[in-house]
Amino acid sequence: MTITPNNILLIVSILLSISVLAGKAGGRFGVPALVLFLGVGMLAGVDGAGLHFDSAEAAQFIGMVSLSIILFSGGLDTDIKQLRPVWRPGLVLATIGVLLTTVLCGIFIYWLFRLVAPEFGFGWLESFLLAAIMSSTDSASVFSILNGSKIGLRQNLKPLLELESGSNDPMAYLLVILLIDFIRQGSPIDSVEILRGIWLLLSQLAVGTLAGAILGYLAVKLINRLKVDNEFLYPVMMIACVFFVFSVSELLGGNSYLAVYVAGLVVGNRKLALKRTITTFFGGFTWLVQIIMFLSLGLLVNPHELISYHVIVPGLLLGVFMIVFGRPVAVFLSLLPFRKFTMKARLYISWVGLRGAVPIIFATYALTAPEVMHARLMFNMVFFITLLSLLVQGTSVTSMARWLGLCDTYRERDFRIDLPDEITAAMTEMDVTAPMLSAGARLKEISLPPETLVVMVKRNDEYLVPTGNTRLYIGDRLLFLSQDESNLAKIEGFRPDKEGA
């Protein structure tokens, strides 16, 4: 079946519905939803329901738009206070770690193909290109799996992994573009070309960071001065800002993916009009573009090509090499200067080196470059290894954290209430404990810090607005509101819950 304007809405609605239902069912068995989205696309393709979609350029464009939204949303939801302790190791992993992964895997690929498939004649440039395509961890996969795992992580591992996955795509992208450019030239690489590549890499990272920070700041100013009656126009304007940041940073010679992530960090950590509306919208919109992106990539692959000897054998060997050697060695070498991470933490960081949509999208750049020999084989191998990574590593993110003893206390919020940025007060939730009731069981008998109130009580499934005479019981959940965040730590028995994985 060919996708036409007459049936496209029906096809899209069916695929989206199946994807959501598959994601819900997969969550019960610990299967990452993103794998199932890929699977739905594959089943709907030419080897399944017969939908014909073979445009690498269209998939590349869908991926570019989707990644800009995903990366911006990832930055938008990140508290920069959590990044401060881990920004140095995170950036080292996102740059040096990607480079080391490319080098190690490139060397392995070169000798692997000489041994198991010499007829393809993979040279050093083709080997390093394939390694660079798969060198970065996937932001969509990491954000989705960590946020859905419902565990807390010690040693600031969650912000570290999110920072790495959100900021390492630019490094991998630049390596892919440079290597394709070298292959196109068809001449030996000299020192001038190497220096040019290094300069391009550094300038794109610097310009992308600067453009993202400045344009993100200007986006905040624009949104705060918008002053329109319809609050739903604010997210629309923010989407326009995201695409503006992406495009302008590229025109300036910066890396667009890094720019939108930095812009998201800036926007998410400044006072913003209708911030709750904007973040809620982007939460749903991010899932939509993720589904569309993975569906389109699933449609692009031909499943019968994945079961050939030249995909399965080198794909398995390379996938295992990346999981058990390439990624761990790159992580351990990158983190050598940072002694605060334990051996178990380094092992966990190595394990959460998830591959996802980004490597597949990068593989489409090879598909659209006629000079790259065996680009289709590269694409199929990347797709195969992505499935392997998501099925092996993605399904064990939670169990690996528990096995290594890195799980921390976690509890979802019972009171889903957020204060506007204009209000400087702070809120927290806490269970009633025996020490808290030592002076009496009524709310007025509990000693509270100055300018601190209990504004709501959750008892079982019932929510109560308390008065001074409300009797409290051990296990009740209280919502505290205080003028100063430091007052909350003075509450007797205060133990803040960890939110997020």
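Reply: Start with handedness. A crossing is right-handed if the near helix is turned clockwise from the far one by less than a right angle, and left-handed if anticlockwise. Keep in mind that this is a predicted model.

Me: What is the handedness of the crossing of H10 and H11?

Reply: H10 and H11 cross in a right-handed way.

Me: How is a pair of packed helices described?

Reply: Two values do it: the angle between the axes and the distance between them. Now the case here. Helix H10 covers residues 191-224, and helix H11 covers residues 233-251. Their axes come within 10 Å and cross at roughly 155°. Angles over 145 degrees count as roughly antiparallel. H10 and H11 are therefore roughly antiparallel to each other.

Me: Which residues of H10 and H11 meet?

Reply: On the H10 side, they are Ala211, Gly212, Leu215, Ala219, Leu222 and Ile223. On the H11 side, they are Tyr234, Met237, Met238, Cys241, Phe244, Val245, Val248 and Ser249. Sort the residues of this contact by class: twelve are nonpolar, two are polar and none is charged.

Me: At what angle do H6 and H18 pack?

Reply: Helix H6 (residues 124-133) and helix H18 (residues 375-392) pack at about 35°, and their axes are 10 Å apart. This crossing is right-handed. H6 brings Glu126, Leu129, Leu130 and Ile133 to the contact. H18 brings Met378, Met381 and Val382. By class, the contact of H6 with H18 has six nonpolar residues, no polar ones and one charged.

Me: Is helix H8 largely enclosed or open?

Reply: Check burial. A residue is buried when its relative accessible area is under 20%. Helix H8 spans residues 157-167, and eleven of its eleven residues are buried, so H8 is largely enclosed by the rest of the structure. Among the buried residues are Leu157, Pro159 and Leu163, and also Lys158, Glu162 and Glu164.

Me: How many helices and strands does the protein chain have?

Reply: The protein chain has 20 helices and six strands. Of its 501 residues, 53% count as buried.

Me: What radius of gyration would a compact globule with 501 residues have?

Reply: It would be near 23 Å; the protein chain has 25 Å, which agrees. Along the principal axes, the C-alpha atoms fill a box of roughly 80 × 55 × 45 Å.

Me: What share of the contacts joins residues 24 or more positions apart?

Reply: Count the contacts in the protein chain with a separation of 6 or more: residues 24 or more positions apart account for 80% of them.

How values were computed
Residues are numbered from 1 along each chain as its sequence is written. This is a predicted model: local features need pLDDT of at least 70, side-chain atom pairs count only at pLDDT 80 or more; totals for chains, interfaces and linings use all residues. Side-chain values use heavy atoms; hydrogens and water are left out. Axes are lines fitted to C-alpha atoms, for helices over the stretch in contact, and angles run from 0 to 180 degrees between N-to-C directions. Helices (H or I, at least four residues) and strands (E, at least two) are DSSP runs, numbered from the N terminus. Angles under 35 degrees count as roughly parallel, over 145 as roughly antiparallel, 65 to 115 as roughly perpendicular and the rest as oblique. Contact means heavy atoms within 4.5 Å. Ala, Val, Leu, Ile, Met, Phe, Trp, Tyr, Cys and Pro count as nonpolar, Asp, Glu, Lys and Arg as charged, and the others, Gly among them, as polar. Buried means under 20% relative accessible area, exposed over 50%, partly exposed in between (1.4 Å probe, protein chains only). The radius of gyration is taken over C-alpha atoms; the globule rule is 2.2 Å times the number of residues to the power 0.38.
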